[in-house]
Amino acid sequence: MTTTHCPYCALQCAMRLEPGTDGRLTVRPAPFPTNRGGLCRKGWTSAEVLTVPDRLTRPLLRKDRGSDLVETDWDTALDHVAERLLSLRAESGPDSVAVFGGGGLTNEKSYTLGKFARLALATSQIDYNGRFCMSSAAAAGTRAFGLDRGMPFPLTDVAEAEVVVLAGANPAETMPPMMGHLSAPALIVIDPRRSATAQVALDQGGLHLAPRPGTDLALALGLLHAARVGGWCDDEFVGERTTGFDAAWEHAAAWWPERTEQVTGVPASGIRAAADLLGRAARNRSAYVLTGRGTEQHAKGTDTVSAWINLALALGLPGRRGSGYGCVTGQGNGQGGREHGQKADQLPGYRRIDDPRARDHVAGVWGVDPGALPGPGRSAFELLDALGTPDGPRALLLFGSNPVVSAPHTARVRARLDSLDLLVAADFVLSETAATADVVLPVAQWAEETGTMTNLEGRVLRRARATAPPDGVWTDLEVLSALAVRLGQPAQRFPTDPDTVLSELGRASAGGAADYSGVTPQRLDDGQALYWPVRTPTESTPRLFLDSFAHPDGRARLVPVAHRPPAETTDPDYPLVATTGRLMGHYQSGAQTRRVAELDGAEPEAYVEVHPDTAARAGLAAGARARVTSRRGHTDARVRLVPTARLDTVFLPFHFAGDQSANNLTHPALDPTSRMPEFKVSAVRLEPAPPVLSSRGTPDPADTPTPGGIS
Amino acid sequence: MNTVQGAPPRRVVVVGNGMVGARFAEEAARLDPDGERVRVSVVGTEHHPAYNRVLLSGVLAGDYTPEQIRLPALGGPGVTVRTGVAATALDTRRRTVTLDDGSRLPYDELVLATGARAALPPIPGVRAPDEGPGEGVSALRDLEDCQRLLALARPGAPVVVLGGGVLGLEAARGLVARGMRVSLVESSPWIMRRQIDQGAARVLAASYAALGVDVHSWRVAARWIPGTGLELDDGRVLPGDALVVTAGVRANTELASEAGIVVDRGVVVDDRLATSDARVHAIGDCAQHPGGGAGLVQPGWEQAAVLAGRLTGTAPHATYTGARPLTRLKAEGIELTAFGRVHEDEDAQDLETVTISDPHGGRYAKLSVCEEKVVGAVLLGFPEAAATLSQLYDTGAPVPSDRLALLQGLPTAAPEPQEAGEALVCRCNAVSRNDIEQAWLDGARTREAIADRTRATTGCGGCVRDVRALLSGMQGTPVG
């Protein structure tokens with residue numbers, strides 16, 4: 001039996017893996033502070049992905065874009081990749097090769113991927129899908145506190161609060177065991193939808209505020225306004241531990257509740273009620289403000305999170321035990337993945353790549369000249385959008401990501417990928433993106449290798465190996481090492497043993513913001529709770545900022561932020577707002593969960609949530625197939641009628657691919673600071689989908705609406 | 001971009017440092033952060049930095065200090081602000097503005113944002129011979145008015161508000177919150193005559209009466225007697241240490257009209273916000289656009305944004321095409337929203353009207369629908385519906401079919417029954433009651449055993465109580 005953590009989200013629930021009678025691993029929940037012995041249906045069924053029938057066990061190669069992928073051996077595949085990379089580099093320079101990583105990769109892989117890009121490829125062109133996840137919260141947290149650790153406190157602290165604000169977070173759907181920590185506090189849920197979490201809030205006597213998508217920033221300013229008028233601000237805290245209140249207030253002053261109501265659609269009375277509920281708990285130093293993707297995934301996501309942090313600071317919440325601000329990180333290693341160098345502007349230890357001292361330190365650990373390290377490269381969407389363009393990369397190496405489904409404006413991303421000279425994907429199944437690659441490398445999954453993950457609290461966890469990978473499958477570290485050697489790197493520079501990498505990662509991160517130098521396999525195996533920074537063999541930091549914030553003067557910053565409209569507003573041709581989100585049974589692009597029979601059976605296809613009136617006007621009944629169209633593409637989805645929906649908003653889960661991909665609709669406008677795309681607001685129209693013709697040319701009977709709708 | 005490389009920035013003079021003039025300068029600085037396209041000079045007569053006039057009734061009510069309603073300080077290399085200076089003359093031929101300190105400001109483009117002033121009705125004692133307010137009389141238009149009134153705001157002291165429009169009602173609410181004894185006089189047949197119908201006014205007046213405000217509609221003031229009160233046309237005298245006049249405003253158009261610019265009730269502007277002189281623009285309460293909007297801040301801010309785009313050259317073809325004015329009363333404990341066509345007969349052609357009157361609950365709603373679109377509403381005490389309907393009005397989206405549910409803020413009833421699937425006890429793991437009963441039959445007798453067999457309770461944990469209840473039901477005895 002092996003105790004480890006779930007392969008999916010950042011809650012990183014503990015689980016026990018044990019071979020069943022058929023030799024396959026079975027999953028049982030295990031006690032752990034974040035999941036308290038719980039698991040959601042994704043976790044329960046996670047071991048099935050290890051043995052899916054279309055698991056890749058041999059490298060695949062296509063000779064040219066016109067031919068099919070055919071199985072080959074590792075040497076042929078890796079030689080081909082190395083040869084193509086070297087020749088592209090000789091022709092067009094090192095930046096002609098790009099790397100795209102993922103927030104699901106272990107710390108060791110994230111670190112090695114960044115090192116591989118900078119040393120073996122000498123390219124500046126590396127970024128990762130975490131840009132599409134927590135980047136706005138990370139940017140806002142850094143500018144407010146001087147440091148970004150999603151939750152700068154253990155999750156268990158939240159359970160003791162009187163009030164918890166969940167702005168754009170839906171844990172009842174996306175990380176159900178987290179709700180175990182939210183059963184006592186009154187919840188204030190900010191979500192355009194009556195989400196499962198919003199319903200829990202109402203059932204527990206809390207509040208649900210449903211702003212029009214794209215207006216969360218105005219709502220946060222309105223709440224600060226109402227909180228101040230209500231007399232709830234902590235002037236002493238603001239005076240002693242922060243700067244910037246007056247300038248931030250001048251913007252919030254323009255958002256009196258009645259005006260905020262006009263823009264957000266949230267009743268002024270609801271804004272006041274929320275401010276009072278939160279303010280009263282804040283006075284008892286017993287309140288948290290947590291943000292999630294709903295409020296962060298906007299082209300103004302950074303400013304929006306700043307507005308939530310401003311509210312928390314004005315009420316005196318952060319930097320005190322029993323209260324605070326946190327981001328509910330989503331991807332399994334969304335936290336660690338953003339710390340160790342797979343970001344375009346970053347070196348290990350959450351260091352900046354343009355900081356000469358950081359470059360000196362990391363180059364020293366790597367045994368290279370600091371001048372040999374490239375500078376900052378393009379951010380995720382900009383990188384994808386540059387592929388195959390005259391100044392852009394001509395080759396892309398993809399690890400732990402499926403951007404054809406998860407990036408915004410999929411038609412554009414697909415066209416850019418198609419224009420590459422070489423696309424290499426390391427994956428364990430033929431994901432939608434891998435299917436378009438020239439070379440596909442079969443790699444190991446979570447239970448087949450060891451490594452460390454950093455959960456949503458900034459706690460470093462041990463992921464244990466429970467079984468051997470299938471024959472023919474390599475680990476990502478083995479792939480990177482073998483490629484590096486073929487590209488002329490010494491083998492010892494790219495170790496394949498995760499613990500060796502962890503130890504080097506510790507040295508590389510030493511002295512940085514996210515310092516892992518005191519993390520050892522022994523401490524992890526002993527079950528020590530290691531929250532970074534872990535600078536010594538005994539240190540752990542469960543709670544940050546209790547004495548001072550991480551800016552040189554020790555004070556947190558309120559950042560003056562103003563509301564602005566979304567990148568695209570509705571008009572007569574595109575009169576509705578489409579917003580996207582997650583389902584309990586699926587994870588990210590769905591490449592894993594859509595292959596699990598139980599999960600696929602429960603949610604086999606894309607759907608669109610629509611208010612009954614909005615659907616009726618579009619000529620759509622429950623269960624009908626709808627076409628949702630934006631200026632960038634369309635998504636076909638089953639209609640679900642939701643009487644609590646906003647009349648002006650439709651919702652689509654983004655876990656489905658092809659014609660069902662919600663990201664066919666989404667807008668690639670980027671946040672000026674975090675480079676987060678405008679995922680949550682697209683102007684769309686809604687109409688019946690054209691009939692799907694059966695092989696006989698008649699409408700497919702499965703295409704007609706089920707009487708009474710689908711459940 | 002539209003500026004000629006190397007051309008010097010255009011000189012833009014803004015007359016008026018109120019909410020709209022200051023917003024114009026803020027927008028210009030945002031669109032032209034380095035001051036390369038325009039140099040903006042703002043002149044304002046008040047000595048204060050710009051502040052949020054909309055919240056003055058909140059200052060009166062004690063919700064804000066004067067410092068808290070200050071507008072963001074204007075900054076940027078392209079913007080200068082001069083307070084305490086009045087523009088006295090405009091020379092459109094030489095393109096200069098003369099200030100009361102004797103200096104002259106040359107401009108390439110002029111923006112009039114001179115706002116409006118309180119109208120003092122010609123009632124003996126209310127208007128002094130010099131046209132200013134009489135003794136004990138104050139408007140509620142600027143911070144000084146506000147501070148003057150606050151100096152009088154002793155708990156228990158009587159005060160009269162003359163004018164039962166939005167500002168008068170907000171002022172009355174603020175003064176009563178300060179503990180004053182407030183009477184309110186409105187010469188129209190009912191309060192907020194322009195914005196709401198009589199039925200709503202009746203309920204609103206009752207709500208005010210319950211708060212302690214003595215409302216006198218359709219009563220004309222005869223004279224103000226300082227130290228005593230306001231005498232009405234029926235001879236009654238309403239006691240008042242002070243009289244707050246909220247009887248409308250008059251646009252400040254003198255600078256424009258004396259310069260020969262076309263002026264009607266305000267300075268007449270077109271969709272480009274240009275006056276009859278193409279170099280002179282007007283925005284906010286001093287401007288008169290065919291599409292309306294004067295008297296409300298949101299249209300003024302929209303005009304400021306449009307004009308800033310035009311004059312910086314960042315949006316040279318932007319236009320302002322009018323407002324859909326919406327009234328939202330800011331009065332503690334009273335939720336009132338009104339907009340559009342609310343005065344027409346209920347049997348007016350093509351108009352469909354829903355009316356709810358609940359005097360006991362202090363609630364009233366009137367919804368006017370034309371061709372499936374909201375064309376007007378009065379909503380008193382319906383906060384959820386007000387938020388939804390004002391957005392429907394703003395976007396022109398169709399109104400839901402279940403009007404009553406809409407007014408009550410309830411979800412629309414689904415038009416057809418959704419298929420009654422097997423009810424889940426544990427939603428996280430899709431475990432039904434049947435599954436749990438089967439597990440019990442298979443020998444599971446504790447919550448843990450049920451969890452082990454079915455996964456129920458292992459997700460969010462919200463169903464623990466339900467599972468325990470099922471168990472105890474099946475066993476006939478309480479289960480721990």
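Author: Helices (H or I, at least four residues) and strands (E, at least two) are DSSP runs, numbered from the N terminus. This is a predicted model, in which local features need pLDDT of at least 70 and side-chain atom pairs count only at pLDDT 80 or more, while totals for chains, interfaces and linings use all residues. Residues are numbered from 1 along each chain as its sequence is written, and chains are lettered from A and ligands numbered from 1 in the order in which they are written.

Reader: Is helix α11 of chain A enclosed or open, and how many of its residues are buried?

Author: Burial is judged by counting neighbours: a residue is buried if 20 or more other C-beta atoms, placed from the backbone, lie within 10 Å of its own, exposed if 12 or fewer, and partly exposed in between. In helix α11 (residues 257-264) of chain A, 7 of the 8 residues are buried, so the helix is largely enclosed by the rest of the structure. Among the buried residues are P257(A), E258(A) and R259(A) at one end, and V263(A) and T264(A) at the other.

Reader: What covers the buried residues of α11(A)?

Author: The cover comes from both chains, and includes α8 (216-229) and α12 (268-283) of chain A together with β21 and α8 of chain B.

Reader: How many residues of chain B are in contact with chain A?

Author: Two residues are in contact if their C-beta atoms, placed from the backbone, lie within 7 Å. By that rule, 44 residues of chain B are in contact with 47 residues of chain A. On the side of chain B that touches chain A, β21 (326-328) and α8 (383-395) each supply at least two residues, and α8(B) gives the most, with 8 residues. By class, this side has 20 nonpolar, 15 polar and 9 charged residues, where Ala, Val, Leu, Ile, Met, Phe, Trp, Tyr, Cys and Pro count as nonpolar, Asp, Glu, Lys and Arg as charged, and the others, Gly among them, as polar.

Reader: Where does a residue other than glycine have a positive phi?

Author: Most residues other than glycine have a negative phi, and most peptide bonds are trans. One case is E131(B), with a phi near 75 degrees, in the loop between β8 (116-118) and β9 (137-139) of chain B; with 7 C-beta neighbours inside 10 Å, E131(B) counts as exposed. Another is R36(A), which is not a glycine and has a positive phi of about 45 degrees. R36(A) is partly exposed, with 19 other C-beta atoms within 10 Å, and is found in the loop between β3 and α1 of chain A. N35(A) lies in the loop between β3 (25-29) and α1 (41-44) of chain A, and counts as buried with 29 C-beta neighbours inside 10 Å. As for the peptide bond, the one from W532(A) to P533(A) is cis, with omega near 0 degrees, and P533(A) is found in the loop between β21 (530-531) and β22 (556-557) of chain A.

Reader: Which strands are joined to β26(A) by bridges, and do they run parallel or antiparallel?

Author: Two strands pair if DSSP finds at least two bridges between them. Strand β24 (residues 607-610) of chain A is joined to β26(A) by 4 bridges and runs parallel to it, with Y607(A) opposite R638(A). Strand β25 (residues 625-630) of chain A is joined to β26(A) by 6 bridges and runs antiparallel, with T629(A) opposite H634(A), and a hairpin joins β25(A) to β26(A) through 2 residues. Strand β26 (residues 633-641) of chain A is mostly covered, with 7 of its 9 residues buried.
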